[in-house]
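Here's a quick briefing to read with the model open beside you. Have a look first, then go through the points by topic.

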Amino acid sequence: MVEPPQLQTVAWALTTALELVLFLQFVRRKIGRIYPLFFAYLASVLLQSVAVAGLYRTQNLDKMAVWKIAWLTQGFVVFLRALALVELNRRVLARYIGIWGLARRIFLGVAAAVIAYDLFLSKGQWQWLILNGIRGLELAMAAVIVTMLIFARYYRVPVNQLQRALAIGLCLYSIFYVVNYSLLEKILREYPFVWNFLGLFAFIASLLVWIGAANRYTAAEEVEMPQTIPAEVYGMISSEVNARLILLNRQLMQFLHLENRGQ
Amino acid sequence: MNLPLIFLVLFAILLVGLLAWALRPPAQQIRPALDVFEALRQSRHASRMSQIFQALQPQDTEFLGRAGQASLMQTIRRERRTIALNYLRQLQEEFAMLLEISRVLAVMSPEVIAMEEMERWKLSLAFAANCAFLRWKLRLGIQPFSGFTLLSNMATSFARRLEAATTRIAEATVQSAQSSGHPNENPGSF
C-alpha cells in the first residue's frame, strides 16, 4: 500500500472496473438474491477500492493513518469473504442434511487446525499474531473450499457452474495470498511493487473467473431438494454395507496371506 | 525460511493440486435411480471365491506336466490366471457398487454417521491397494496356496447374514413409510 507505479495504477483501475462489471452482473441476473453474502463481499471490495484510492490521493492525511484505515477495511473484507465462503458451502451442501451435518464438523476441524498451526508460527509475538492470523484465515478458507469440493465429488453432490467458479476464485486468491505472504514477500522484499502487482493479478484472475460464470448463469442451475430416507434405515444399511466391504477386503487379505504362506 | 513455514507453503501448493482433482468429473457417473435393495440382493462374486482359488491351484494342472503336456499345462494356467483377473475386476465392481449405495444413502439421510463414513473411506483405500497388489501377483504367476475352505465358509456365512439383514431393512423401511403416512409402493427404489 505504497504509492503505486504506473503499471500498478493501471492494474488497480482494471480491478475496480472488473469489480464493477461483476457487481452489475450480479444485479442484472439477480444472483445477489441467491448469494447475498457474496454480493455484500463484492460491494465491500468495490467500496474499499474506491475509498482507498481516494484516501491515497488526499494530500493532507497522515500516511500511517491511511495505512491503518486501509488494513482495517481489508480486515472487514476478509471477514465478509469468510462469510461468503460459509454461504457458498451452505448453498452446495446444506440441502443434504446428513452430509451437511458431517461436513460442518469437518470444516470446523480443518479450519481450526490450519489457523492453530499458522498462529503457532507466530511464537507469541503479537505483531506477527495478527498478520499470521490473517494468513491462517486465508489458508483455512482455501482448505475448507477444497474439502467442500472433495465432499461434493465423493458424494456426487451437484455443484453448478457458478458455485464452482465462486469456489475456484475464492480458493485460488486465498492460496495466492498465503504463498505471496510467506514466500514471495520474503524473496521479493526488495521489490514490493512486484508482489503487490502479483497480488492484484491473482485477484483479477478470480474476478475474470467469476464474471465468466455470472455471464453464463441461469436460474435453472439451482437444484431441487433431494428425497430423504429415515435416519434409522440409513444406519442399518450403512452398517451392513460396511460389513460387506470389510468382508470383501478381508477375503482379499486372506488371499494374499495364504498365498504368501504357500510360497 | 524455516521448516514449519516450508510445510505451510507446501500445504498451500498441495491444496491447488487437490482443487484441480476435486474439480475433475468423477470417472464413474452416478447411476440413475439406483435401487439399493436390488443392488444388495445381486449375486455376490465373493461367494465364488473358492472355485477361483481351486482353479488356480497348481495341483489341478500338474498331471498334464507329468503326462508330457507341459505347453498345454502352461496355456491352461495362463487362461485360468486371466479368469482370476476378471474375477478380481468383478470384485472391485462389487466393492464400487457398495460404495455407490453408501453414497446414495448418505446423500438422502438426515443424519450421517461419521465413523462409518470414515471406515468406508479407509476400507476403499485398503481394498484398492490390495487389489492392485493381487493383480500384479496374478500377472506375474500365482504360487501354490491352501486354505480355500476357510474363505469359502466365510463367504457363505456372510451371504446368509446379508440375506437376513436386507430382509430386516426392507421390513423397517416399509414400517417407517407406513408410520410416516407416506406409503411407498417400491420402498427399495430411491
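## How α3 meets α4 in chain A

On one side of this helix pair, A:Leu37, A:Phe38, A:Ala40, A:Tyr41, A:Ser44, A:Val45, A:Gln48, A:Ala51, A:Val52, A:Leu55 and A:Tyr56 come from α3(A); they meet A:Val66, A:Ile69, A:Ala70, A:Thr73, A:Phe76, A:Val77, A:Leu80, A:Arg81, A:Leu83, A:Ala84, A:Glu87 and A:Leu88 in α4(A). Contact here is when two C-beta atoms, placed from the backbone, lie within 7 Å. Sorted by class, that contact has 18 nonpolar, three polar and two charged residues (Ala, Val, Leu, Ile, Met, Phe, Trp, Tyr, Cys and Pro count as nonpolar, Asp, Glu, Lys and Arg as charged, and the others, Gly among them, as polar).

Bear in mind that this is a predicted model: local features need pLDDT of at least 70, side-chain atom pairs count only at pLDDT 80 or more, and totals for chains, interfaces and linings use all residues. Residues are numbered from 1 along each chain as its sequence is written, while chains are lettered from A and ligands numbered from 1 in the order in which they are written.

**Helix geometry**

- Helix α3 (residues 36-57) and helix α4 (residues 63-93) of chain A pack at about 170°, with axes 8 Å apart; axes are lines fitted to C-alpha atoms, for helices over the stretch in contact, and angles run from 0 to 180 degrees between N-to-C directions.
- That makes α3(A) and α4(A) roughly antiparallel (angles under 35 degrees count as roughly parallel, over 145 as roughly antiparallel, 65 to 115 as roughly perpendicular and the rest as oblique).
- The crossing of α3(A) past α4(A) is left-handed, i.e. the near helix is turned anticlockwise from the far one by less than a right angle, with clockwise being right-handed.
- Over in chain B, α5 (residues 70-108) and α6 (residues 114-140) also pack at about 170°, with their axes 11 Å apart.
- So α5(B) and α6(B) are roughly antiparallel too.
- Among the α5(B) residues in this contact are B:Leu88, B:Phe95 and B:Leu99, and α6(B) brings residues including B:Phe127, B:Cys131 and B:Leu134.
- By class, the α5(B)–α6(B) contact has 10 nonpolar, three polar and four charged residues.

**The nonpolar core**

- The largest nonpolar core has 87 residues, and A:Ile99 and A:Ile145 touch the most other members; such a core is a set of buried Ala, Val, Leu, Ile, Met, Phe, Trp, Tyr and Cys residues joined through C-beta atoms within 7 Å.
- Helix α7 (residues 161-187) of chain A gives the largest share of this core, 14 residues.
- Beyond its neighbours within four places in sequence, A:Ile99 contacts A:Leu93, A:Phe151, A:Tyr155, A:Val157, B:Ala106, B:Val107 and B:Val112.

**Chain B at a glance**

- Chain B has seven helices and zero strands, where helices (H or I, at least four residues) and strands (E, at least two) are DSSP runs, numbered from the N terminus.
- Buried residues make up 22% of its 190 residues (buried means 20 or more other C-beta atoms within 10 Å of a residue's own, exposed 12 or fewer, partly exposed in between, with C-beta atoms placed from the backbone).

**Non-glycine positive phi in chain A**

- A:Lys30 has a positive phi of about 60° and sits in the loop between α1 (6-28) and α2 (31-34).
- A:Lys30 is exposed, with 10 other C-beta atoms within 10 Å.
- A:Arg156 has a positive phi of about 55°, lies in the loop between α6 (126-154) and α7, and is partly exposed, with 15 C-beta neighbours inside 10 Å.
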